Amino acid sequence: MWKQRLKPREGWLLPDALLALSIVALTVILAQQMVLTTQRLERVRERELRLARVAHDRALAASLQR
């Protein structure tokens, strides 16, 4: 029923292709998570800077009114 190959394996077999596909998918997922985390941290940083600017502007306005 099954014939033994005389040549060594040529090309990709299904398990090899699935392994390669899973590695690519994992890489894409990790890269996407890195981008999302970076964006979230940047939003937090921008919010903190905005709050610091507002506090500084208020302190400056209060000191000028004296």
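View 1. At 35% relative accessibility, Glu42 counts as partly exposed, a class lying between buried (under 20% relative accessible area) and exposed (over 50%), taken with a 1.4 Å probe and protein chains only. This is a predicted model, where local features need pLDDT of at least 70, side-chain atom pairs count only at pLDDT 80 or more, and totals for chains, interfaces and linings use all residues. Residues are numbered from 1 along each chain as its sequence is written, and side-chain values use heavy atoms, leaving out hydrogens and water. Glu42 forms a salt bridge with Arg45, their closest N and O atoms being 3.0 Å apart; the term asks for a side-chain nitrogen of Lys or Arg within 4 Å of a carboxyl oxygen of Asp or Glu. Arg45 is partly exposed too, at 45% relative accessible area. Because they sit 3 residues apart in helix α1, Arg45 and Glu42 are separated by about one helical turn.

**View 2. A nonpolar patch around Leu18.** Leu14, Leu18 and Leu21 make a nonpolar surface patch of about 330 Å². Such patches take residues with over 30% relative accessible area and no salt bridge, joining nonpolar side chains (Val, Leu, Ile, Met, Phe, Trp, Tyr) within 5 Å and like charges within 9 Å. Leu18 itself is partly exposed, at 49%, and is found in helix α1, residues 14-65. Helices (H or I, at least four residues) and strands (E, at least two) are DSSP runs numbered from the N terminus.

Definitions and conventions:
Areas by Shrake-Rupley, 256 points an atom, 1.4 Å probe, with all protein chains shown as cover.
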